[in-house]
Amino acid sequence: MTEGPNHFTLSCPIPIQEYPAVLLAHGGGGRLTQMLIERMFLPTFHNPALETLHDGVVLEVGGARLAFTTDSFVISPIFFPGGDIGELAVNGTVNDLAMCGARPLYLSLALILEEGFPMEDLWQVVRSVQEAAQKAEVEVVTGDTKVVDRGKGDGIFINTSGVGVIPEGVEIAPQRVCPGDVVLISGAIAVHGIAILSVREGLEFETTLESDTAPLSELVGTLLRATGPQVHMLRDPTRGGVASALNEIAASASVGIVLEEAHIPIGDEVKGACEILGLDPLYVANEGKCLAIVAKEVAETALEALRSHPLGREAAIVGRVVEEHPGTVILRSRVGGKRIVDMLSGEQLPRIC
Amino acid sequence: MKYIDEYRDEIAAQRYVEAIRQTVTRPWTLMEICGGQTHTILKFGLDRMLPREVTLVHGPGCPVCVTPMELLDKAIAIASRPGVIFCSFGDMLRVPGSHQDLLMVKAEGGDVRMVYSPLDALKLAQQNPDQEVVFFAVGFETTAPANAMAVWQAQQMGLRNFSILSAHVLVPPAIEAILNAPGNEVQGFLAPGHVCTVMGYWEYEPIAERYQVPIVVTGFEPLDILQGLFMTLKALEEGRREVENQYARSVRREGNVQAQRLIQQVFEVTDRAWRGIGVIPRSGLRLREEYAEFDAERRFDVAEMAVEESPECIAGLILQGRKKPPECLAFGTRCTPEHPLGAPMVSSEGACSAYYRYTREA
């Protein structure tokens, strides 16, 4: 019998000697997550829709194009500066749909609660879900509730799934990215990740930073109306940050990407926190930012469109797509040197000194 | 951003590169001691901006990398025990021991926590009086004062459930070991700015004199490094062999005397094994007898262990600047950050990690 990637096998495809147990990094959005997807999930469930590997999937149903996606939220602490787990659970799924070019319509809401979780907190989270849904113009139309024994959960976990419709003429796919295209970011990076870190136990530092969590569907709508089919790819750089998102795009599109460090918008507070903690902001999570890759001819129009929306005021052109070094992201540093921006391996761990 | 952007200015950087180009008349080999400097060099692509005559080799200044495997295995054994909260700086967690790393201990149920300061570990000990809190005290002279402070405070508070596993190492003996090694090619050093902030640079003067090498105390921003390189090369070309201070905004000749006093009060100098290099005489710090009760090695009585180093890993040669990471046959193939054979591939100050992250395929 031949062992192909599509061959059904009962032995675990993840090398047991290396990883006998799941590590946190398997869920970190970096290389280990990718390894799980490539070696365990893709070969097991293989189908053309799954293999597009986008934030959401595009399905043709009765002549309409639907976008469908799901996401789970396990953030700690559940209330953080600028938002909470409920708002995040709506915006995360809404944004995954928006990154398919879709207008988000309906959400499901599944709650896994730990015995003893304060009812007051639950009410606050549910209210946030409602407010965020209203703001993003989506409806929560189905749901589920489970409770686990005390000590078997972390207060509350949320899963949301969502569907949306893709307007005619819009086609967002990594395969459409081609050399000459221009890379834009809708605003300052790494805000969410640093805002969360600032309230983590053992790490509290004083800052006025708030998470950037926001629904991006309206911003994306504005962009698509201005530039139409010339938008080739959209991505919200959440876990793993801008670096991981661009690496994935470069790999699926078989193109190179060149970033200009000096053009990447980043706030002073975020920059300072990253310097102190030894973190690279390119790998820090965002929850209300969008990367757009557009045809060169519409770059300025796209920039204007993004900047015309309140969520895109700090938008900037940060890089370009090239034919050279396919699959690799290169950064031209502030001092004029060059280096690669690799996919994150494991979690970003703060340094010693 | 203030105090950062000034040291990353492109025009100023070009000016230093040009000055270096005009100064250099023959090939020179320089070593930056600190892994933080190595990362700046590769992250900003400084090595590729320099004239061909200048060869940079990377030094042993990665505390995580030089922590001996035996001590790491001891840490893993202690962390696996029930009733122990094991605290460590983040970059130690993924360093491979003989069979496991600390993150795997955590995944298997061990209480391993990442802390930012030994004082956080001390706080944990106060909050959890029924548990043993152990801090993995890794680092050069830079982290020694804070670790000494934690032990001193633990004694003042009469804490019975706090201890440290000391893996402290010292820079000057390592520089001497490199200079004494047969076949050494290093002609000048960038000394580590943060170590010198604590210790000053008077210790380096006899080394510069005895071995006739220029040593320039250097910071960590791109312009610091370029200026440090320029100063070292200028001294070499002019025949001067002395200690100079590029990082004057942070370092004084005598250093931070108060911090030094605290280190001396709690620690004493001892011989220390460096991973991949071997024992260097008088190159480490251990707790003084008066503080022996805070020594995790004594408290937990971990047996001597037989360690298994990867036969393929050339970390020792990398850490002495004898080889560069891409010269290793396993680099980027059998040794990656996901599956490291040695510590320099996973530490945020490790040379292999810097080459892997910033230079592959570029």
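Modeller: Helices here are DSSP runs of H or I with at least four residues, numbered from the N terminus. This is a predicted model in which local features need pLDDT of at least 70 and side-chain atom pairs count only at pLDDT 80 or more, while totals for chains, interfaces and linings use all residues. Residues are numbered from 1 along each chain as its sequence is written, chains are lettered from A, and side-chain values use heavy atoms, with hydrogens and water left out.

Biologist: OK, where does Phe41(A) lie?

Modeller: Phe41(A) belongs to helix H1 of chain A, residues 31–45.

Biologist: And why does Phe41(A) count as partly exposed?

Modeller: Because its relative accessibility is 35%, and partly exposed covers what falls between buried (under 20% relative accessible area) and exposed (over 50%), with a 1.4 Å probe and protein chains only.

Biologist: Switching topic, how many residues of chain B are in contact with chain A?

Modeller: Contact, meaning heavy atoms within 4.5 Å, involves 46 residues of chain B and 37 residues of chain A. The two chains bury about 3600 Å² between them, 58% of it on carbon and sulfur atoms, where buried area is the accessible area (1.4 Å probe) lost on being put together, summed over both parts.

Biologist: How many salt bridges between chain B and chain A?

Modeller: The count is 3, a salt bridge being a side-chain nitrogen of Lys or Arg within 4 Å of a carboxyl oxygen of Asp or Glu. Arg332(A) forms one with Glu10(B), and their closest N and O atoms are 3.5 Å apart.

Biologist: Which helix gives the most to chain B's side touching chain A?

Modeller: That is H5(B), with 4 residues.

Note on methods:
Helices (H or I, at least four residues) and strands (E, at least two) are DSSP runs, numbered from the N terminus.
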